[in-house]
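Here are my notes on the model, in numbered points. Have it open beside you as you read.

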Amino acid sequence: MAAELSTSINIKEPRWDQSTFIGRAKHFFTVTDPRNILLTNEQLTHAHKVITDYREGVVSPGLTEDELWRAKYIFDSAFHPDTGEKMILIGRMSAQVPMNMTITGCMMTFYKSTPAVLFWQWINQSFNAIVNYTNRSGDAPITVNQLGTAYVSATTGAVATALGLNALSKHVSPLIGRFVPFAAVAAANCINIPLMRQRELQHGIPITDENDNRLGESTKAAQQAISQVVVSRILMASPGMAIPPFLMNHLEKKAFLKRFPWMSAPIQVSLVGFCLVFATPLCCALFPQKSSMSVSRLEPELQEKIRANHPGVERVYFNKGL
């Protein structure tokens, strides 16, 4: 008989070394795998049971280490790391590539008319709002009023930015005009993410020591976390919104697209999708999911509390969100 799997494997942390970019990239290629959105409720429930049991020291009969890690990544793909709740399907990171390739491709195809810009930017910011809420940091509940206010503010600001940039694009060359959706998305991310996560900026996010002992909530940690997410999201959108415009500008001069203009949208969506398959995990990997900062950079009152109750702690850790 095969020996029973050890219960000493640390599944609180990713399988690969998160202190290196390569380790984080391997982790996020698994987390953002679009195939995860096809998992059934039965598969999610099974993974949840395997991980919950393992954390309590119970090993499912015949479980191998590879099966344990597979269960962990299925579990992580669908359940929030702080609240433990099952996440909204389209808000999960595994839905990023199929959702973003469709929305971004359409934004870049139908960018010339104001109604089209308005519709697709609204769709994009509504989707971003769901993603930002789903992948927030911390376990504090958000009221319906707070969520509604944040959604309306974020979406209105982002759409207004897009319309303003689209108006300016009428005075530039057609090629530069193709980059307006990217500029709008970049500006919108700077609005949407902080607004959808404004509760974190107001009240802070949980911080822990290296052993996951909770030390309090910090707004300084929230500022660092949200800044890192904004940078990652903008860079994540860059290849899919910067490379296809050049290719489409070239292809639309060719006989094929002149003969079959309806192929422009699916080709653009496919190009964006190809870029996002790589850009999504690689840009998520730019910063560790479990971020850290020196105690000296925290709020003064929180520094005093930590130094009084935990004198040996020099760095604190927190989930930055995605």
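Which helix gives the most to the lining of the largest cavity? I come to that in point 2, after some housekeeping.

1. Ground rules. This is a predicted model, with local features needing pLDDT of at least 70 and side-chain atom pairs counting only at pLDDT 80 or more, while totals for chains, interfaces and linings use all residues. Residues are numbered from 1 along each chain as its sequence is written, and side-chain values use heavy atoms, with hydrogens and water left out.

2. The largest cavity. The answer is helix 10 (219-251), with five lining residues. Helix 4 (96-109), helix 5, helix 8 and helix 12 (264-284) also supply at least two residues each. (Helices are DSSP runs of H or I with at least four residues, strands are runs of E with at least two, and both are numbered from the N terminus.) The space comes to about 170 Å³, and the structure holds three cavities of 30 Å³ or more. Of the 15 residues in the lining of the largest cavity, the closest to its centre are Asn-100, Asn-128, Val-185, Arg-233 and Ala-237. By class, that lining splits into seven nonpolar, seven polar and one charged. Here Ala, Val, Leu, Ile, Met, Phe, Trp, Tyr, Cys and Pro count as nonpolar, Asp, Glu, Lys and Arg as charged, and the others, Gly among them, as polar.

3. What cavity and pocket mean here. Both come from a 1 Å grid over the protein atoms alone: in a cavity a 1.4 Å probe fits but cannot get out, while a pocket is an open set of points with protein on both sides within 12 Å along at least five of seven lines. Lining residues have an atom within 4 Å of a point. Points are joined across faces, edges and corners, and the volume is the space filled by probe spheres set on them.

4. The largest pocket. Its volume is about 1200 Å³. Of its 40 lining residues, Lys-12, Pro-81, Asp-82, Gln-289 and Asn-319 are the closest to the centre. Helix 1, helix 3, strand 1 (205-208) and strand 4 (315-319) are the elements giving two or more residues, and helix 3 gives the most, with four. The lining has 14 nonpolar, 15 polar and 11 charged residues.

5. Phe-127 lies in helix 5 and is buried at 4% relative accessible area (buried is under 20%, exposed over 50%, partly exposed in between, with a 1.4 Å probe and protein chains only). Phe-127 touches Ile-90, Gln-96, Met-99, Asn-100 and Ile-103, leaving out residues up to four places away in sequence; contact means heavy atoms within 4.5 Å. Ala-184, in helix 8 (residues 180-196), is buried at 1% and, with the sequence neighbours up to four places away left out, touches Gln-121, Ala-162 and Leu-165. Ser-232 is found in helix 10 and is buried at 4%; its contacts, again not counting residues up to four places away, are Cys-283, Leu-286 and Phe-287.

6. Aromatic pairs. A search of the whole structure finds five. (Rings of Phe, Tyr and Trp, using the six-membered ring of Trp, pair if their centres lie within 6.5 Å; planes under 30 degrees apart are stacked, over 60 edge-to-face, and the rest tilted.) Trp-16 and Tyr-73 have ring centres 5.8 Å apart and planes at 40 degrees, so this pair is tilted. Trp-16 is in the segment before helix 1 (21-31) and Tyr-73 in helix 3 (residues 65-78), so the pair ties together parts 57 residues apart in sequence. Trp-16 is partly exposed at 28%, whereas Tyr-73 is buried at 3%.

7. The helix 5 aromatics. Phe-119 and Trp-122 are also tilted, because their planes are at 50 degrees, with centres 6.3 Å apart. They are three residues apart in helix 5 (residues 114-134), or about one helical turn. Phe-119 is partly exposed at 41% and Trp-122 is partly exposed at 40%. Phe-119, Trp-120 and Trp-122 form one aromatic cluster.

8. Charges over rings. The charged end of Lys-72 sits over the ring of Tyr-73, 5.9 Å from its centre. Lys-290 has its charged end over the ring of Tyr-317, at 5.4 Å from the centre. The test is NZ of Lys or CZ of Arg within 6 Å of the ring centre and within 35 degrees of the ring normal.
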